[in-house]
Amino acid sequence: MALDTVFRDQWGRVLATLVGFLGDIELAEDAAQEAFAIAAERWPRDGEPASPAGWLIATARNRAIDRIRRQRALADKTRLLARELASRPEETMNETTTFRDERLELIFTCCHPALALDAQVALTLRALGGLSTEEIARAFLVPFETMSKRLTRAKHKIRDAAIPFAVPPAYQLPDRLAAVLAVVYLIFNEGWGGGRIDLAAEGIRLGRALAELLPDESEALALLALMLLNDARRDARVRDGQLVLLDDQDRSLWDWQQIAEGRQLLQRAIARRTTGQYAVQAAIADLHLHQPRDWHQIAALYDVLAQQTSSAVVEMNRAIAVAELDGPDAGLAVLDQLDLGHYRSTRADLLRRSGRDTEARQAYQRALELAQTEPERRFLTGRLVELDP
């Protein structure tokens, strides 16, 4: 297996295990990077070890211990490590050693409510996804220095506030898990909505890790299902640089194997008899893949989702379903009660369908001014051309 593949697959687990051992994210990152650098030098010459993750963890731990011993300012930590090593001799730390998977603890640490949301997102991508600071800065369109400071502040806050490296107790788990799921979905949507497929893929990778680590949590399964069902259409969403609406997409370009996996995960989530917001969203995403679409059921599920989330975006999507059932004026009546922000193209579409071309032209123009991706701009420009007298 190529080292870059090992890095993508194992970085999160290696780092999580080191953080659990060392209690310091920065020190753990340095040790992990050093271990991967050593692997890049030795593996092509000596061959890949039988347990790549075990080799990397053992190498990184031993390097970290050597570094701590050399730093007299960390004498207290050295004594703590000495006690740890007394019960577990250093020579047993090799690639055959079984290391506990502590990624779940790391996820909850990165998404701790004491950290700002932007810091939670950046730290999750760095620690669990293995993205470099440069990659994260590019993904969120901020300077490298800004992202570097953001990550450093987050790590220092975890250290200085003694944020525990642990899965929350049972009474805190629902709220804390909801925050973790929200961060992962935000990462996915930054890629999906913004056209940055790399971030969408990172969201799915993180979702897979959560589903693996929390196999009995229905919302973790449902979130992964939702992301897979949406992402399965990615190759059909843009044609010749222009956004393609769902009804006009080439279904042969959809990833039907991924759709089947998403549907299977959704069934597993629903079978646990707790239907949260991600299960409802995944069910809606699945219904949109059927032809013809069952708008009655879609509208009913949006009613449920609106009660769960009180979200303006959900209400906007409910308005689309209402328009399909009762006509564009009925959908506009729902939209008129909302502050749509960046979602003005929905109102423009319903105005066009209602024959209110002048208002539709104005709404499309405003949506074009707010559009954030080139495919979306081209789509809206095309709509304006169609409405020209």
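At what angle do helix H2 and helix H8 pack, and how far apart are their axes?

Author: A caution comes before the answer: this is a predicted model. Helix H2 covers residues 25-46, and helix H8 covers residues 144-160. The two pack at an angle of about 120 degrees. Their axes are 9 Å apart. Angle and axis distance are the two values that describe a pair of packed helices.

The angle makes H2 oblique to H8. The cut-off matters here, because roughly perpendicular covers 65 to 115 degrees and roughly antiparallel starts over 145.

Now the residues. H2 contributes Ile 25, Glu 26 and Glu 29 to the contact. From H8 come Thr 152, Lys 155, His 156, Ile 158 and Arg 159. Sorted by class, the contact between H2 and H8 holds four charged, two polar and two nonpolar residues.

Ala 162 has a phi near 50 degrees, a positive value in a residue other than glycine. Most residues other than glycine have a negative phi. Ala 162 is exposed, at 59% relative accessible area.

Ser 310 also has a positive phi, near 50 degrees. The loop between H14 and helix H15 (312-326) holds Ser 310. Ser 310 counts as exposed, with 69% relative accessibility.

Next, the loop between H13 and H14. Pro 292 is found there. The peptide bond from Gln 291 to Pro 292 is cis, with omega near 0 degrees. Most peptide bonds are trans. Arg 293 lies in the loop between helix H13 (277-288) and helix H14 (295-309). Arg 293 is buried, at 16% relative accessible area, because buried means under 20%. A polar contact of 2.4 Å joins its side chain to that of Asp 247. Leaving out residues up to four places away in sequence, Arg 293 touches Leu 246, Asp 247, Leu 287, His 288 and Ile 298.

Asp 250 belongs to the loop between strand E2 (242-243) and helix H12 (256-270). Asp 250 is partly exposed, with a relative accessible area of 37%. Its side chain makes a polar contact of 2.6 Å with that of Ser 252. Beyond residues up to four places away in sequence, Asp 250 touches Ala 236 and Arg 239. Asp 250 and Asp 235 are 15 residues apart in sequence, and their C-alpha atoms are 9.0 Å apart.

Gly 129 is in the loop between helix H6 (117-127) and helix H7 (133-139). Gly 129 counts as buried, at 1% relative accessibility. In sequence, Gly 129 and Trp 11 are 118 residues apart, yet C-alpha to C-alpha they are 7.3 Å apart. Setting aside neighbours within four places, Gly 129 is in contact with Arg 8, Trp 11, Thr 124, Glu 202, Arg 205 and Leu 206.

Then the cores. The largest nonpolar core has 101 residues. Those touching the most other members are Leu 18, Leu 22, Leu 56, Leu 106, Leu 210 and Met 227. Leu 106 is in contact with residues including Leu 15, Val 19, Leu 128 and Phe 165. A second, separate core has 18 residues, among them Val 334, Leu 350, Ala 360 and Leu 387.

Last, the whole chain. Its secondary structure comes to 19 helices and two strands. Of its 389 residues, 47% are buried.

Notes:
Residues are numbered from 1 along each chain as its sequence is written. This is a predicted model: local features need pLDDT of at least 70, side-chain atom pairs count only at pLDDT 80 or more; totals for chains, interfaces and linings use all residues. Side-chain values use heavy atoms; hydrogens and water are left out. Axes are lines fitted to C-alpha atoms, for helices over the stretch in contact, and angles run from 0 to 180 degrees between N-to-C directions. Helices (H or I, at least four residues) and strands (E, at least two) are DSSP runs, numbered from the N terminus. Angles under 35 degrees count as roughly parallel, over 145 as roughly antiparallel, 65 to 115 as roughly perpendicular and the rest as oblique. Contact means heavy atoms within 4.5 Å. Ala, Val, Leu, Ile, Met, Phe, Trp, Tyr, Cys and Pro count as nonpolar, Asp, Glu, Lys and Arg as charged, and the others, Gly among them, as polar. Buried means under 20% relative accessible area, exposed over 50%, partly exposed in between (1.4 Å probe, protein chains only). A polar contact is a pair of N or O atoms within 3.5 Å; within protein, one must be able to donate a hydrogen and the other to accept it, and residues adjacent in sequence count only if both atoms are side-chain atoms. A nonpolar core is a set of buried Ala, Val, Leu, Ile, Met, Phe, Trp, Tyr and Cys residues joined through side-chain atoms within 4.5 Å.
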